[in-house]
Amino acid sequence: MAVRLPVFMDSHSTTPVDPRVLEAMLPYFAERFGHPGSRNHAFGWEAEAAVERAREQLARLIGVRDSKEIVYTSGGTEAVNLAIKGVIGVNRGGGDHIVTTVIESRAVLDPCRRLEREGAARVTYLPVDATGLLDPDLVRQAITPRTVLVSVMLANNEIGTIQPVAEVGRITRASGVLFHVDATEAVGKIPVDVERMGIDLLSCTAHKLYGPKGIGALYVRRRNPRVRLAAQIDGGGHERGLRSGTVPVPLAVGFGRAAEICGEVMAAESARLAVLRDRLQARILAAVDEVYLNGHPERRLPHTLNVSFAHVEGESVLMSLSKELALSSGSACTSATLEPSYVIQALGRGAELAHASVRYGLHRFTTDEEIDFAAERTIEVVRRLRELSPVYEAARSGAAIGRSEPR
Ligand SMILES: *Cc1c(COP(=O)(O)O)cnc(C)c1O
């Protein structure tokens, strides 16, 4: 069967909207256009009911019992900003220290850097091992009496490595420190449970789980402990005063429906995608020499494959494939620049292999044929680029006479 071109395999940047999600949203763009804050008529009641139903659908997906603990935002970036700046913005008896990791997304790192620049916080950036895993003991050692927040992503958006957040959660709970998890890439793909994982604040977004762009959410724990946050957007006091502004009702409805569908299909979908991902990985690794897997071989998101092809530029691979295959070298936030991925560099790979990374993001609508196509085209393009590469030639002949370093 022929595949339809171009094939989308960049699902860490965004996912296609599920047709069932679109269908659920449409009435709220049309006849059900009411404002959820309008208390005096049926248009408002209908909108409010829809927004609250969606909140419950999302709550269920992430193990939240009281949907009031969910605050809508414009997306993952805003949710993370509200969590980090919101914690630092509340007086916590002189506490101003944040512990996070070097492989967080820019949505976490940039607010941290701003708070440091402004003198509002001090931040410890913990390293990860060669597979991208954080050692929870490092968190324990980094916590001081001034620490108020630990922020660790659940799964990395470039390499897919899944962090031991439940262990980190036990440490933060025992230390009386708040725990924020950027779960933007993980929610809807792997099971998430704020209770089991000891999470106090959790960020996520609709457009990474087959919902619309423009809406995300922050889970804010209300009991044991009750988390206090400084609002970052003031206005009409919507969302319990934590995030003013009219909730975009159609997007909220889509977010809720998308979460509900993920809850229903996640187990089977993840199993299917892991099989396809493993097939893609096996085919590429078997056909190409000097290719390196980035990320943890097992503790990894099922739809994620990130590899570095030595002696070729990742950008050249992406450009050569771009008419047929939509891929990325890493996070959408950094792909505008030609800087090598800081995530791959943090694995100790070096700048050359960081420049050579290619990320495949499978999704709900990825087919077997698309996987075979992606494998074939990748193998062909890497071989062709290497034939043109003097560096690869030199490395080959060096290896042949035994001069190159074993890797
Ligand atoms: C996509 C992503 C974000 C940003 O979410 P937006 O909704 O696009 O603002 C933050 N963190 C991670 C890990 C992501 O993958």
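Figure 1. Glu239 is buried, with a relative accessible area of 10%. In this predicted model, Glu239 has a positive phi of about 55 degrees, although the residue is not a glycine. Glu239 sits in the loop between E8 and H7. Arg240 also has a positive phi, near 55 degrees, and is likewise a residue other than glycine. The loop between E8 and H7 holds Arg240 too. With 37% relative accessibility, Arg240 counts as partly exposed.

**Figure 2. The cis peptide bond from Asn224 to Pro225.** Omega of this bond is near -5 degrees. Pro225 is placed in the loop between strand E8 (216-220) and helix H7 (249-287). Asn224 lies in the loop between E8 and H7 as well. Is Asn224 buried or exposed? Asn224 counts as exposed, at 59% relative accessibility. Asp200 is 24 residues from Asn224 along the chain, and their C-alpha atoms are separated by 8.9 Å.

**Figure 3. The cis peptide bond from Leu5 to Pro6.** Here omega is near -10 degrees. Pro6 belongs to the segment before E1.

**Figure 4. A nonpolar surface patch that includes Val17.** The patch covers about 360 Å². Its members are Val17, Leu22, Leu26 and Phe29. Val17 is in the loop between strand E1 (7-8) and helix H1 (19-29). Its relative accessible area is 34%, so Val17 is partly exposed.

Figure 5. A search of the whole structure returns one cavity of 30 Å³ or more. The largest cavity has a volume of about 40 Å³. Which residues line the largest cavity? They are Gly188, Lys189, Met266, Glu269, Ser270, Leu273, Pro302 and His303. By class, the lining divides into three nonpolar, three polar and two charged residues.

**Figure 6. The salt bridge between Arg32 and Glu46.** The structure holds 28 salt bridges. In this one, the closest N and O atoms of Arg32 and Glu46 are 3.7 Å apart. Arg32 lies in the loop between H1 and helix H2 (42-61) and Glu46 in helix H2, so the pair ties together parts 14 residues apart in sequence. Arg32 is partly exposed, with a relative accessible area of 31%. Glu46 counts as partly exposed at 33% relative accessibility.

**Figure 7. The salt bridge between Arg277 and Asp278.** The two side chains meet at 2.9 Å, N to O. Arg277 is buried, with a relative accessible area of 5%. Asp278 is partly exposed, with a relative accessible area of 37%.

**Figure 8. The salt bridge between Asp368 and Arg279.** The closest N and O atoms of this pair are 4.0 Å apart. The bridge links distant parts of the chain: Asp368 is in helix H11 (residues 368-387) and Arg279 in helix H7, 89 residues apart. Asp368 counts as partly exposed, at 38% relative accessibility. Arg279 counts as partly exposed, at 30%.

**Figure 9. A salt-bridge network of Asp18, Arg20, Glu269 and Arg364**. Salt bridges that share partners join these residues into one network. Glu269 also lines the largest cavity.

Methods. Residues numbered from 1 in each chain as written. Predicted model: local features only at pLDDT ≥ 70, side-chain atom pairs only at ≥ 80, totals over all residues. Heavy atoms only, no water. 1 Å grid on protein atoms, 1.4 Å probe; cavity = no way out; pocket = protein on both sides within 12 Å on 5 of 7 lines; lining within 4 Å. Points joined across faces, edges and corners; volume = space filled by probe spheres on them. Nonpolar A, V, L, I, M, F, W, Y, C, P; charged D, E, K, R; others polar. Patch = residues over 30% accessible without salt bridge, like charges linked within 9 Å, V, L, I, M, F, W, Y side chains within 5 Å. Areas by Shrake-Rupley, 256 points an atom, 1.4 Å probe, with all protein chains shown as cover. Helix = DSSP H or I, 4+ residues; strand = E, 2+ residues; numbered from the N terminus. Buried < 20%, exposed > 50% of the residue type's maximum accessible area, 1.4 Å probe, protein only.
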